[in-house]
Amino acid sequence: MLIRYFAWVRERVGLDQETVDLPPSVETVADVIAWLQTVDDAHGHAFADADAIRAALDQVHVETDATIAGAREIAFFPPMTGG
């Protein structure tokens, strides 16, 4: 799966994107986050506060309980602010 990182998530991971083979047990966005926390120190730091991470599957915003089945891409970013 292609994983894209934006804003401070990208800065902490040290990559703007990567392609990974997720374990079969990873079924939801929350599972992806939990798995990423274990990849290395940089990913662990970026995903330490999972509640501060937002996600999109194939460019559609989703909640962390969304299934990743059939998705080609997942993007992670901090909450957006604006006015």
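**Figure 1. Threonine 28 and the residues it touches.** In this predicted model, threonine 28 touches Thr64, Asp65, Ala66, Thr67 and Ile68, leaving aside residues up to four places away in sequence. Threonine 28 sits in the loop between strand 2 (17–19) and helix 2. Is threonine 28 buried or exposed? Its relative accessible area is 19%. Buried means under 20%, so threonine 28 counts as buried.

**Figure 2. The buried face of helix 2.** Helix 2 covers residues 29–36. Its buried residues are Val29, Val32, Ile33 and Leu36. Where on the helix do these buried residues lie? Look down the axis of helix 2: they fall within an arc of 100°, so they line one face of the helix. An α-helix has 3.6 residues a turn, so residues three or four places apart point the same way.

Figure 3. How many aromatic pairs does the structure hold? It holds 2. Tyrosine 5 and phenylalanine 47 form an edge-to-face pair. Their ring centres are 6.2 Å apart, with 65° between the planes. Tyrosine 5 lies in strand 1, and phenylalanine 47 lies in the loop between helix 3 and strand 3, so the pair ties together parts that are 42 residues apart in sequence. Both tyrosine 5 and phenylalanine 47 are buried.

**Figure 4. Phenylalanine 47 meets phenylalanine 76.** The ring centres of phenylalanine 47 and phenylalanine 76 lie 5.1 Å apart. Their planes stand at 85°, so this pair is edge-to-face. The pair links distant parts of the chain. Phenylalanine 47 is in the loop between helix 3 and strand 3, while phenylalanine 76 is in strand 5, 29 residues apart. Phenylalanine 47 has a relative accessible area of 0% and is buried. Phenylalanine 76, at 0% relative accessibility, also counts as buried. Which residues form the aromatic cluster? Tyr5, Phe47 and Phe76 form one cluster.

**Figure 5. Strand 1 and its two partners, strand 2 and strand 5****.** Strand 1 pairs with strand 2 in the antiparallel sense, over 3 bridges. Here, isoleucine 3 has glutamate 18 of strand 2 as its bridge partner. Strand 1 also pairs with strand 5, in the parallel sense, over 4 bridges. There, leucine 2 has glutamate 73 of strand 5 as its bridge partner.

**Figure 6. The setting of the close-ups: the protein chain.** The chain has 3 helices and 5 strands. Read along the sequence, they follow the pattern β-α-β-α-α-β-β-β. The C-alpha trace spans about 35 × 30 × 20 Å along its principal axes. For 83 residues, a compact globule would have a radius of gyration near 12 Å; this chain has 12 Å, which agrees. Of the 83 residues, 39% are buried. Now take the contacts with a separation of 6 or more: residues 24 or more positions apart account for 53% of them. The accessible surface comes to about 5,000 Å². Carbon and sulfur atoms hold 49% of that surface.

Definitions and conventions. Residues numbered from 1 in each chain as written. Predicted model: local features only at pLDDT ≥ 70, side-chain atom pairs only at ≥ 80, totals over all residues. Heavy atoms only, no water. Buried < 20%, exposed > 50% of the residue type's maximum accessible area, 1.4 Å probe, protein only. Helix = DSSP H or I, 4+ residues; strand = E, 2+ residues; numbered from the N terminus. Arc of directions from axis to C-beta. Phe/Tyr/Trp six-rings, centres within 6.5 Å; stacked < 30°, edge-to-face > 60°. Contact = heavy atoms within 4.5 Å. Rg over C-alpha atoms; globule rule 2.2 N^0.38 Å. Areas by Shrake-Rupley, 256 points an atom, 1.4 Å probe, with all protein chains shown as cover. Pairing = 2+ DSSP bridges.
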